[in-house]
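Here is a short report on one protein model. Look over the sequence and the structure, then read on.

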Amino acid sequence: MCPLPLAAAAVAAPRAPLRLLNRGLAAAMSTAGPLKSVDYEVFGRVQGVCFRMYTEDEARKIGVVGWVKNTSKGTVTGQVQGPEDKVNSM
């Protein structure tokens, strides 16, 4: 994941439905290894720069599932689920 600047974003979050990542938990559960779920919030300039779209594309490439959305605080929050090694690489 690329490093992000720490400056606070002053952009109001548009009201939009959550973006679901990948095809669902069943796709992530097709492994014999331990599963992991991580809730996250990203600060900095993350709204208006296609961060959610980038996150969704990376999740597909890596093979994890979850959701991501803008917040009214100007941050992005979400959850990633899948095999432990893949969630760690995300």
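This is a predicted model: local features need pLDDT of at least 70, side-chain atom pairs count only at pLDDT 80 or more; totals for chains, interfaces and linings use all residues.

In the hairpin of E3 and E4, Gly74 takes a positive phi near 85°. Five residues lie between the two strands of this hairpin. Strand E3 covers residues 65-70 and pairs with E4 in the antiparallel sense, over six bridges. Strands count as paired if DSSP finds at least two bridges between them.

Residues are numbered from 1 along each chain as its sequence is written, and side-chain values use heavy atoms, with hydrogens and water left out.

Now the overall layout. The protein has three helices and four strands. From the N terminus on, their order is β-α-β-α-β-β-α. Helices (H or I, at least four residues) and strands (E, at least two) are DSSP runs, numbered from the N terminus.

Of the 90 residues, 36% count as buried. Buried means under 20% relative accessible area, exposed means over 50%, and partly exposed lies in between (1.4 Å probe, protein chains only). The protein exposes about 5,700 Å², and carbon and sulfur atoms supply 57% of that area. Among contacts (heavy atoms within 4.5 Å) with a separation of 6 or more, 78% are between residues 24 or more positions apart.

What makes up the largest nonpolar core? It has 12 residues, including Tyr40, Phe51, Ile62, Val80 and Met90. Strand E2 (35-42), helix H2 (51-62) and strand E4 (76-83) each supply at least two residues of this core. H2 gives the largest share, three residues. A nonpolar core is a set of buried Ala, Val, Leu, Ile, Met, Phe, Trp, Tyr and Cys residues joined through side-chain atoms within 4.5 Å. In soluble globular proteins, nonpolar side chains tend to be buried together.

| Residue | Relative accessible area |
|---|---|
| Pro83 | 6% |
| Thr55 | 2% |

Pro83 is found in strand E4. Thr55 is found in helix H2. A polar atom of the Thr55 side chain lies 2.8 Å from the backbone oxygen of Phe51. Phe51 also belongs to the largest nonpolar core.

Technical notes
Accessible areas come from the Shrake-Rupley method with a 1.4 Å probe; for residues, only the protein chains shown count as cover. A polar contact is a pair of N or O atoms within 3.5 Å; within protein, one must be able to donate a hydrogen and the other to accept it, and residues adjacent in sequence count only if both atoms are side-chain atoms.
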